[in-house]
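Hello,

Here is the structure I promised to pass on to you. Please have a look at it first, and then read my notes below.

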Amino acid sequence: MLDITLLREQAELVKKNISRRGTAYDPSLVNTFLTLDKEWRELKGKTDELRRERNTITLEITKLNKEKKDISPLIQKAKKLPEEIKTNEEHLHLLRTKIDTLLFRLPNLLHESVPIGKDDTENKIIKLFGKKKKPPFKLLSHVDLMQKNNWADLERAAKISGSRTYFLKGDLALLEQALIHYAIDFMTKKKYTFIFPPHFINRKAYEGVTDLTDFENVLYKIQEEDLYLIATSEHPITAMYMDETLNEKELPLKLFGLSTNFRKEAGAHGKDTKGIFRVHQFNKVEQIIFSDQKSSWKLHEELIKNEIEFFKSLGLHFRQVNVCTGDIGTVAAKKYDLEAWYPVQQAYREIGSCSNCTSYQSTRLGIKYSHPEGSKYVHTLNSTLIASSRALVALLENFQEKNGSVKIPKVLQKYMNQKKKIGGNHA
RNA sequence: GCCGACGUACCAUAACCUGGUAAUGGACUAGUCUCGAAAACUAGCGUCCGCAAGGACUUGUAGGUUCAAAUCCUGCCGUCGGCGCCA
């Protein structure tokens with residue numbers, strides 16, 4: 001949510017910024033906001049005036065009571081006021097709801113460096129890392145490879161849990177744990193604090209961290225409860241400090257989370273239907289930072305640097321892109337994606353993303369930090385370190401050998417009982 | 001899930017029974033004093049409206065009763081204790 005003060009004082013700037021996003025968002029909503037907000041403020045003033053009258057009379061009654069004088073005329077006078085106040089309050093509430101709905105539809109302000117573009121094909125490539133290898137044999141898809149080595153059971157998973165689910169088995173299940181364990185050690189060495197969050201959060205918290213369409217397309221709701229399964233640990237961990245004012249001295253707060261992530265993938269019908277590339281459930285280690293307003297851009301670079309270092313250490317070939325206006329979504333002010341090379345698919349695919357959400361999440365969540373000039377909203381940042389299923393597919397596609405075995409990156413071997421490869425003809 | 005107790009601001013506590021508009025400490029910030037600090041004193045210390053003067057709101061939360069609710073009544077949420085169930 002955008003800061004109301006900003007909308008009031010810098011409406012033109014906001015409209016201009018929203019216009020950069022093309023037709024997906026309507027800058028004239030800002031005008032609607034200003035009209036409703038003005039109406040709300042005027043009515044609030046009037047209602048406050050009525051309340052003041054009521055309070056004065058009430059005080060007078062108290063005084064007369066003490067002097068044991070007749071209070072009945074004042075009571076007659078006072079009786080009329082609550083009704084009018086109530087009518088006003090109902091109207092105020094109605095206006096408030098309208099304004100809130102409107103605010104939900106206004107996206108975050110974009111950083112100037114965000115490239116303009118229609119969709120992910122127009123993301124701007126910043127840099128390539130590692131080398132694209134060309135194996136001298138025909139690669140198996142990750143699905144075939146998993147089948148050959150008995151590493152997953154997708155049919156039985158579908159039988160009991162539906163599409164886009166999986167049982168991981170044997171060495172591949174171990175490899176997933178190795179990736180996660182390595183990621184945890186990696187972040188711990190960087191002095192980030194490990195957080196293991198609740199895997200469901202309530203509506204209020206969720207509204208603070210994501211945009212409304214996610215409630216339709218992404219989030220699973222728990223029946224009969226005001227709770228949603230989390231789509232990433234970013235969500236509970238960012239919402240963690242809801243309604244709190246942090247001490248400026250304790251910023252930046254550098255955290256990382258591990259969670260299972262649940263996603264409906266509605267609207268992805270027909271995309272990546274085979275295997276474990278796009279699934280309803282996967283595990284992820286995520287970096288999260290709460291920053292003051294000055295340092296967030298520097299910290300955004302730190303997060304992407306960590307992620308790059310991590311994928312480099314796995315020996316993958318990937319590229320960093322600056323996500324364009326048509327692909328960035330509502331919440332982030334700037335987003336980098338890392339896209340790994342998938343040789344079977346012959347494509348670069350997203351393997352992680354790194355966002356600075358500036359004060360968009362903290363404004364709705366009410367997370368501030370103390371400051372001599374008055375408290376300010378914190379900036380929130382998040383970045384993937386590793387998402388299990390995408391990373392596993394990348395390893396299976398990139399590190400497979402002719403006999404169907406898969407080489408284990410050196411950094412993971414110590415988490416795999418020193419095994420240098422898994423699978424192959426003997427399996 | 002059932003029964004009971006409780007929920008006051010950053011923290012701690014009072015007012016609740018008997019309705020009269022949040023008292024008091026501590027912490028924190030600034031100022032005075034000091035070479036500096038501590039102590040002491042003064043002011044500030046939550047949200048909203050207003051150019052300001054000022055006003056409104058805030059006792060977990062949403063309602064109800066009342067001229068008036070921290071206080072009385074009801075629903076919900078949470079915490080703690082007991083019972084039940086349980087990895």
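Let me start with a question: is cysteine 324 buried or exposed? Cysteine 324 is buried, because 21 other C-beta atoms lie within 10 Å. The cut-offs are these: a residue is buried if 20 or more other C-beta atoms lie within 10 Å of its own, exposed if 12 or fewer, and partly exposed in between, with C-beta atoms placed from the backbone.

Before I go further, a word on conventions. This is a predicted model, in which local features need pLDDT of at least 70 and side-chain atom pairs count only at pLDDT 80 or more, while totals for chains, interfaces and linings use all residues. Residues are numbered from 1 along each chain as its sequence is written, and chains are lettered from A and ligands numbered from 1 in the order in which they are written.

Back to cysteine 324, which sits in the loop between strand S10 (318–322) and S11. Helices (H or I, at least four residues) and strands (E, at least two) are DSSP runs, numbered from the N terminus. Leaving aside residues up to four places away in sequence, cysteine 324 touches Val114, Pro115, Ile116, Gly117, Glu122, Asn123 and Lys124; a contact here means C-beta atoms, placed from the backbone, within 7 Å. Cysteine 324 and threonine 121 are 203 residues apart in sequence, yet their C-alpha atoms are 8.9 Å apart in space.

The overall picture

Chain A has 14 helices and 17 strands. Along the principal axes, its C-alpha atoms fill a box of roughly 100 × 45 × 45 Å. Chain A has 427 residues, and 37% of them count as buried. Of the contacts in chain A with a separation of 6 or more, 71% are between residues 24 or more positions apart.

The RNA side

Around RNA strand B there are 18 residues, of which Asp48, Arg51, Arg52, Thr58 and Ala78 come nearest. A residue counts as near a strand if its C-beta atom, placed from the backbone, lies within 6 Å of it. Helix H3 (29–66) and helix H4 (72–105) are the elements that give two or more residues to this surface, and H3 gives the most, with 13 residues. By class, the surface near RNA strand B has five nonpolar, six polar and seven charged residues. For these classes, Ala, Val, Leu, Ile, Met, Phe, Trp, Tyr, Cys and Pro count as nonpolar, Asp, Glu, Lys and Arg as charged, and the others, Gly among them, as polar.

Lysine 86 is also in helix H4. Lysine 86 counts as exposed because it has 11 C-beta neighbours inside 10 Å. From C-alpha to C-alpha, lysine 86 is 9.1 Å from threonine 47, and the two are 39 residues apart in sequence.

Two helices worth a look

In helix H2 (residues 11–19), the buried residues are Val14, Asn17 and Ile18. They cover an arc of only 100° around the axis, so they lie on the same side of H2; the arc is that of the directions from the helix axis to the C-beta atoms. Glu12 and Ser19 are exposed on the other side of H2. Helix H1 (4–9) and H3 are included in what covers the buried residues of H2.

Helix H7 (residues 170–189) packs with helix H13 (residues 388–398) at an angle of about 115°, their axes 10 Å apart. Axes are lines fitted to C-alpha atoms, for helices over the stretch in contact, and angles run from 0 to 180 degrees between N-to-C directions. H7 contributes Leu172, Leu175, Glu176, Leu179 and Ile180 to the contact, and H13 contributes Ser388, Ala391 and Leu392. Six of the residues in the contact of H7 with H13 are nonpolar, one is polar and one is charged.

Backbone details

A cis peptide bond joins leucine 251 and proline 252, with omega about -5°. Proline 252 is in the loop between strand S7 (245–246) and strand S8 (253–262).

Threonine 358 has a positive phi of about 40° although it is not a glycine, and is buried, with 28 other C-beta atoms within 10 Å. Glutamine 346, also not a glycine, has a positive phi near 50°, but is exposed, with 8 other C-beta atoms within 10 Å.

Best wishes

How values were computed
Two residues are in contact if their C-beta atoms, placed from the backbone, lie within 7 Å.
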